[in-house]
Amino acid sequence: METQVSEDFGNEVFETLKYIIDPEVGINIVDLGLIYGVSLDGDLLEIELTLTTPGCPMSGTITTATEQILLKRFPNLDVKVNLVWSPAWSTEMITEEGMRQLEGK
């Protein structure tokens, strides 16, 4: 990824992505720790995200939802979602808020 984003813009991206819920776990993809990176290179917003498992049956749904919600929120930008597998996702990547949500289920 080319350029890191400002803290304000990054926070805006993360808040937007919190609307995407992993249908198998029931927690948003940010608090689940699936977002590995956000960068902005000119008009291209790139997101690096992973899934809980490489064979996740919801991969197409989650990546498409990520692209669509960001295109709607940032209509002047092009959005590219890159699925990455390194480092492998683990439960240690879940945020404190995500853990609270899991415990509440």
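What percentage of the chain is helix and what percentage is strand over residues 12-71, and what distance lies between the end C-alpha atoms?

Modeller: Happy to! Over residues 12-71 the chain is 32% helix and 22% strand, with 13 Å between the end C-alpha atoms. This is a predicted model, where local features need pLDDT of at least 70 and side-chain atom pairs count only at 80 or more, while totals for chains, interfaces and linings use all residues. Residues are numbered from 1 along each chain as its sequence is written, and side-chain values use heavy atoms, without hydrogens or water.

An unreviewed UniProt entry lists residues 12-71 as "domain: MIP18 family-like"; its positions follow the numbering used here, the feature name is shortened, and such annotations may be inferred rather than shown by experiment. Helices (H or I, at least four residues) and strands (E, at least two) are DSSP runs, numbered from the N terminus.

Let's begin with the strands. Strand β1 (residues 35-41) runs antiparallel to strand β2 (residues 44-49), and six bridges join them; two strands pair if DSSP finds at least two bridges between them. Across this pair, Leu-40 stands opposite Leu-45, and Asp-41 stands opposite Leu-44. Two residues lie between the strands of this hairpin, where Gly-42 takes a positive phi near 65°.

Phe-9, Gly-10, Val-13, Thr-16 and Leu-17 are its buried residues (under 20% relative accessible area; exposed is over 50%, partly exposed in between, with a 1.4 Å probe and protein chains only). Down the axis of α1 these residues fall within an arc of 125°, so they line one face of the helix; the arc is that of the directions from the helix axis to the C-beta atoms. The face turned away from the buried side carries the exposed residues Glu-7 and Asp-8. Among the elements covering the buried residues of α1 are β1, β2 and α2.

The largest nonpolar core has 24 residues, and Val-13, Leu-17, Ile-35, Leu-45, Ile-47 and Leu-70 touch the most other members. Such a core is a set of buried Ala, Val, Leu, Ile, Met, Phe, Trp, Tyr and Cys residues joined through side-chain atoms within 4.5 Å. Elements giving two or more residues to this core are α1, β1, β2, α2 and β3. Beyond its neighbours within four places in sequence, Leu-45 is in contact (heavy atoms within 4.5 Å) with residues including Phe-9, Val-13, Leu-70 and Val-79.
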